[in-house]
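Thanks for asking me to walk you through this one. Have a look at the sequence and the structure first, and then read the points below alongside them.

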Amino acid sequence: MSKTIIISNRLPLQLQIREGAVEAIPSIGGLATGMKSVHSDNDSVWIGWSGLTEEEFNLDLKNQVTEALEKHQCIGVPLTEEDIQGFYYGFSNNTLWPLFHYFMEYTEFEKNNWETYKSVNQKFADVILQNLEVGDTVWIHDYQLLLLPELIRKKRPEVSIGFFLHIPFPSYEVFRTIPCREELLKGMLGADLLGFHTYDYERHFLSSVQRVLGHEINFNNIHLDNRIVKVDSFPMGIDYDKFHNAAVIHDQKSRKDQTEIQQEINKHLKEGSNQAKLILSIDRLDYTKGIANRLRAFEYFLDKYPQFRGKARLVMLAVPSRANVPQYQILKNEIDQLVGRINGKYAEVSWTPIWYFYRSMPFENLIDLYTSSEVALLTPIRDGMNLVAKEYIASRVDKKGVLILSEMTGASNEMSEALIINPNNFEEIADTLKFALEMPEEEQIKRNNALQKRLKRYNVEKWANDFMEALESTKSATEKYTLKKVNTVIKKEIVTKFNSASNKILFLDYDGTMVPFEKLPENAKPTQRVFDILDALHQKPNTKIIIITGRDRDTIQEWFGHKDYTLITEHGAWLKEKNKDWELMERVDNYWFKSIAPILESFTDRTPGSLVEEKRYSLAWHFRNVDPDLGKKRANSLKTTIQQLIANHNLEILEGDKVLEIKVSGVSKGKSASKMLLEKEYDFIFAIGDDWTDEHMFKELPNTAFTVKVGLKNTVAQYYVNDIDQVHELLNAFK
């Protein structure tokens, strides 16, 4: 029976070794909570690192670890201390984390760490492949495992793979700076579905894929040679009921049942004026959270609005994180000094402006803080989502309280009723704090009522279910194309028909079919492998080989003129048969060049990387080497500019792969292929090509023809192959 395999760097539990025995304690983290509904299914397993390195336990303890994990439907990936240093602390947190959060000054690239990152991703893949069965679904999480989708895909191409990134994906201009950018993108594209928190992150990823790898993007679909990868945004929610219900219980507690922290909060609020207000700040101690800026902004607020001194107190909880990393140690010292200076500057006998806690807190104490603070001030400089903002709102049972949220968080896109600020603008933060502290209760309730309805509706379980449903839908799309793939059975059928036929004709496109595209068209010369394949086919009895291409006559003459193949160039304008000169297949002219060529040259001058190719009876504007977005825009603009001119000259625009070709209307591969069929009765017809220009040929050929598209694209062809290597394999099977 098929199952779901969840993969993350850490498992959703914590292992403790007490007196030689191993104990597994379930985690209460956001991902563990979010995946609870998926993982609770009996047909599910979670794979990840246990938290203990190989050096930390002996063989007997190792068996206990395995047994403890199995009780929670988990499987551990064995990692050494060296693995953790290079993979987790090294590449994941010293390279990917700062880069993806736009802290390029903190980004380090060490080759040894990169090699360890690759090695650990392979270790994860090995464990997954050992437990992967036919029909299983794989869901991989976060930046530590960016290479994993491709590693699984290589070994098990049929498996359904989802990937979700829980941190921001940076803009192309930032992402392009990392040396291993191609490997990271290719690794992620091993998935069928890629999920991000926001549309912005999705857009940045698509831009990088297009610019770095050159893949075609159609809306949010990435067209690879043999697959379509879907990219979408799924904003992660929280376990709304958990926080809301805990807050309800909290408010019902008698004074003696309250926690020590809640009693201290009540004591300070009672001792203060009746206008005392608590401003809550909760974060991991990380440079991405903007804690130092938040403190400086709070200091500026007290300077600008002195009427709040003695009344407004900042309660700041900084949860320790990566304390052994120098950058975090420097940040900790900076925050300690800022808190000390601000408290020393403004403190009064009965009032301290900042309560500072450097520790993690139990869940019930978080509820104490959420329910007791009139304002939550969350100002990350960059944050993938920020679930604290959602937890605060869910905990406001009376619907009072104000959320101030950085526009740089993923959550700000969903929580427009909050007060959205720029975390670098101290003036705006100070003014917004004043506005929040003075906001009428009626307005607070109105804002929070809308927020709570939305958070309850789109909770963490809904997030997980939406992703899994979207992943399931990609299966049907893939299956639709798989039915047309030239597999072993279909190949055998085609070859059998070929061998039994009396007269055979094969139409073979050139660029993108027999040879790969090159940055400069003149560099795509036929290789010896191509000649070997064509020569072998040409020597078969009663077999006619036709190279049918959009290439100009002179180039094809130079490359293939010494062979006896039939050659059709410029999309059907020119024909060369064995032992004959070139002849025009259509009545064409080029007097219109003088009107169109200057326009193409003008666009070329303004579009770096583009070039004009002049053929005998057509003009082609190539933009393969242009920035993808700019290329599309200029191509559309060019079409608009020459639309009226081509109508006046009986011309048409042929849209190829990163090329616009202007030619005489009516000339096409389809028309020329049909003419070639008139000379003899053929009982085997075969055509293969990769471009939109080949669609004319596929349409015009009779239904009995075998038509094959190169690459997974929309096509009228009967079948498809993945790439040029598979083209060569198929043609070699005819020999």
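1. Let us start with an open sheet of nine strands, in the order β5-β4-β1-β6-β7-β8-β11-β10-β9 and with mixed pairing. Its edge strands are β5 (74–76) and β9 (216–218), each of which pairs on one side only. Direction ignored, neighbouring strands here are turned by 20° against each other on average. Helices (H or I, at least four residues) and strands (E, at least two) are DSSP runs, numbered from the N terminus, and two strands pair if DSSP finds at least two bridges between them.

2. Before going on, a word on the model. This is a predicted model, in which local features need pLDDT of at least 70 and side-chain atom pairs count only at pLDDT 80 or more, while totals for chains, interfaces and linings use all residues. Residues are numbered from 1 along each chain as its sequence is written, and side-chain values use heavy atoms, with hydrogens and water left out.

3. Back in the nine-stranded sheet, strands β10 (residues 221–223) and β11 (residues 228–233) pair in the antiparallel sense over three bridges. Ile222 has Val229 in β11 as its bridge partner. Helix α9 packs on the sheet, touching β8 (193–196), β9, β10 and β11, and its direction makes about 150° with that of β11. Such axes are lines fitted to C-alpha atoms, for helices over the stretch in contact, and angles run from 0 to 180 degrees between N-to-C directions.

4. Neighbours within four places in sequence aside, Ser208 is in contact with Phe169, Tyr172, Phe175, Leu185 and Leu213, where contact means heavy atoms within 4.5 Å.

5. Next comes an open sheet of six strands, ordered β14-β13-β12-β15-β16-β17, with parallel pairing. β14 (354–358) and β17 (419–421) each have a single partner strand, so one side of each is left without a neighbour in the sheet. Strand β13 (residues 312–319) runs parallel to β14 and is joined to it by five bridges; Leu317 has Phe357 in β14 as its bridge partner.

6. Helix α13 (residues 326–346) lies across β13 and β14, at about 155° to β14. Helix α16 (residues 426–437) lies across β12 (277–284), β13, β15 (375–378), β16 (402–406) and β17, at about 170° to β17.

7. Further along, a hairpin joins β23 to β24 through three residues. Strands β23 (residues 611–614) and β24 (residues 618–622) pair in the antiparallel sense over four bridges, and Glu613 has Ala620 in β24 as its bridge partner.

8. How many cavities of 30 Å³ or more are there? The count comes to four. A cavity is a set of points, on a 1 Å grid over the protein atoms alone, where a 1.4 Å probe fits but cannot get out; lining residues have an atom within 4 Å of a point. Grid points are joined across faces, edges and corners, and a volume is the space filled by probe spheres set on the points.

9. The largest cavity has a volume of about 430 Å³. Of its 32 lining residues, Asp511, Phe517, His622, Asp657 and Val659 are the closest to its centre. β25 gives the largest share of the lining, three residues.

Technical notes: 1 Å grid on protein atoms, 1.4 Å probe; cavity = no way out; pocket = protein on both sides within 12 Å on 5 of 7 lines; lining within 4 Å.
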